[in-house]
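Let's take a friendly walk through the charged pairs and backbone details of this protein. Have the sequence and the model open beside you as you read.

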Amino acid sequence: MKALGPLAISVLCILAQPAAAEPCLTLGDLTPDMDARHLAGSVRGCVQEQRFEDAIQVFWAYSNFALFDQQRVRDESAHVAVQELHGWIFSGYSFETINQLKLVITRLRDPEGAFLHETCRAVALNGPPTYRPSYMIKRGMIPRKSDDDWQVAGFDAQKAWENALININGCPASTVR
């Protein structure tokens, strides 16, 4: 097996750096300038505080923000940032903690449930995101010619936001519009 060189090790270390756990937010704290990486840290903070409903609601916001980012960042290789964050968000928890999270996720998956409707409505009111998705852009492998060539040409923020919420994550359209 060939050993990794110093450059390869440095790149792997940079890519493996997760977001830091942050204070637990509620959906009422959410603003469109909070990037998905920040929200991922908040999910971990909520789980540490055993605020499982807040953790899953902030995860839902994170998920929609990240899906929006994937639609606007043209370099698909950069989208790996979302998988990295997903892995970090849900790693290292006890069996009991995972079961508590699963109970809340089950409630969120109920298409007729008030929890899904409330969560979707609150997330939709905050978007679409307004931040520059640097956490994702820096993961890209396509050579860039300028600091502003990361975005998909002709990107429609409102359409992408509704696509993330309704078509990909399954929010009822009535809670988004």
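What is the relative accessible area of Arg-107? In this predicted model, the value for Arg-107 is 37%, so the residue counts as partly exposed. Its salt-bridge partner is Glu-53, and the closest N and O atoms of the two lie 2.6 Å apart. Arg-107 sits in helix H5 (residues 95–108) and Glu-53 in helix H3 (residues 52–72), so this pair ties together parts that are 54 residues apart in sequence. Glu-53 is partly exposed too, with a relative accessible area of 38%.

**Salt bridges**

Three of them are listed here with their N to O distances.

| Pair | N to O distance |
|---|---|
| Arg-51 and Glu-49 | 3.0 Å |
| Asp-54 and Arg-51 | 2.8 Å |
| Arg-107 and Glu-53 | 2.6 Å |

Which residues are linked in a network of salt bridges? They are Glu-49, Arg-51 and Asp-54. Arg-51 takes part in both contacts, meeting Glu-49 in one and Asp-54 in the other.

Is Asp-54 buried or exposed? Asp-54 has a relative accessible area of 17%, which is under the 20% cut-off, so it counts as buried.

**Backbone details**

Two spots in the backbone are worth a look. As a general rule, most residues other than glycine have a negative phi, and most peptide bonds are trans.

Where does Gln-50 lie? You will find Gln-50 in the loop between helix H2 (36–48) and H3. Its phi is near 60°, a positive value in a residue other than glycine. Gln-50 is also exposed, with a relative accessible area of 59%.

The other spot is the peptide bond from Gly-127 to Pro-128, which is cis, with omega near 0°. Pro-128 has its place in the loop between helix H6 (114–126) and helix H7 (134–137).

Notes. Residues are numbered from 1 along each chain as its sequence is written. This is a predicted model: local features need pLDDT of at least 70, side-chain atom pairs count only at pLDDT 80 or more; totals for chains, interfaces and linings use all residues. Side-chain values use heavy atoms; hydrogens and water are left out. A salt bridge is a side-chain nitrogen of Lys or Arg within 4 Å of a carboxyl oxygen of Asp or Glu. Buried means under 20% relative accessible area, exposed over 50%, partly exposed in between (1.4 Å probe, protein chains only). Helices (H or I, at least four residues) and strands (E, at least two) are DSSP runs, numbered from the N terminus.
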